[in-house]
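Biologist: I would like to learn how to read salt bridges in a model. Please show me the structure first.

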Amino acid sequence: GLGDVYKRQIADYAFSDCAALSESLVLTDTRHIGYRSFIDCSSLTGVVLPESVEYIGEEAFGRCGNLQRVEYNCISATTGTVFRECDILAAVKIGKNVEKLGDGLFSTLSSLNSVEFEANGIENDSEIPSSFEIGQHCFSASGFKKIELPRNTTVIGDYAFADGKFAEIILPATIKYLGKEMFSSSRVKNITILAEEVPEAGGNLWYSDCLLYTSPSPRDGLLS
C-alpha cells in the first residue's frame, strides 16, 4: 500500500478506486480530506485520522467494502456521512483529545459493534478536553448494542442515535443538552443518566419504540 500519507490537503476523488491502497492508511498532518477522496478503495482495511484534520468531505471513505476499523483523532472536524456503505466497518476508536464528532459522521453503519472512547481510560480530568459534543445524526442507524460516553460529554445533537440497535446507554454527569428525537425509532431500553440536574432537551427524545427508562434516581421532566 501507500503507507503513511503526509499531504496537508487531499483533493476531491484524489485516491478514489485506488487498488494500491491496501491494509491500513495512516494520515499525518492532514488538514483537509475532500469529497469522495478515498471512495471505492476496496482493499483498505483500516484508517487512522490525525488531530490536525479540520474538514472531511461527504463520503470521503464511502463504499470501502473491506474497511473494518477506524481510529478517529480529529479534534473538531466538520464532517458529513464519511463512511457511507462501509458495510463491514465494525470498530471505531475515538481519541482522548477529540472535542466534537461531526454531523452524520458514523451514521448508517449497521456492522458497527464497538465504539471505544480513549477518554474513558484517562483518570486525570486535566488530560482530556473540558467538553465533548456529538453532532446531529452522528450515530443514527448504527449497529452497536451498548455505548458508554466519555465523562466529559456535554452536548448530544438532534437524532444522534435515532434508528439505532443499541439497548443500553450511559449518559455522564456532565450532560447539559440532549437533542430532539435523539433516540427516535431506536431499540434503547435502558438509559442511565448520571447528571444531578435535568439536562436541557431540544424536544421529544424518542417515540414509542423506546420502552424503559432507568437511572440512579428519577430525573423528572425528561419523559414529558
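**Salt bridges and their partners**

Modeller: Buried means under 20% relative accessible area, exposed over 50%, and partly exposed in between, with a 1.4 Å probe and protein chains only. This is a predicted model, in which local features need pLDDT of at least 70, side-chain atom pairs count only at pLDDT 80 or more, and totals for chains, interfaces and linings use all residues. Residues are numbered from 1 along each chain as its sequence is written, and side-chain values use heavy atoms, leaving out hydrogens and water.

Biologist: What forms a salt bridge with Arg63?

Modeller: A salt bridge is a side-chain nitrogen of Lys or Arg within 4 Å of a carboxyl oxygen of Asp or Glu. Here the partner of Arg63 is Asp40, with the closest N and O atoms 2.8 Å apart. Asp40 is partly exposed, at 26% relative accessibility.

Biologist: How many salt bridges does this rule give?

Modeller: The count is six. Another of them joins Arg31 and Glu54, whose closest N and O atoms are 3.2 Å apart. Arg31 sits in the loop between strands E3 (23-27) and E4 (32-33), and Glu54 in the loop between strands E5 (44-49) and E6 (55-56), so the pair ties together parts 23 residues apart in sequence. Strands are DSSP runs of at least two residues, numbered from the N terminus.

Biologist: Is Glu54 buried or partly exposed?

Modeller: Glu54 is partly exposed, with a relative accessible area of 48%. For Arg31, also partly exposed, the value is 37%.

Technical notes: Helices (H or I, at least four residues) and strands (E, at least two) are DSSP runs, numbered from the N terminus.
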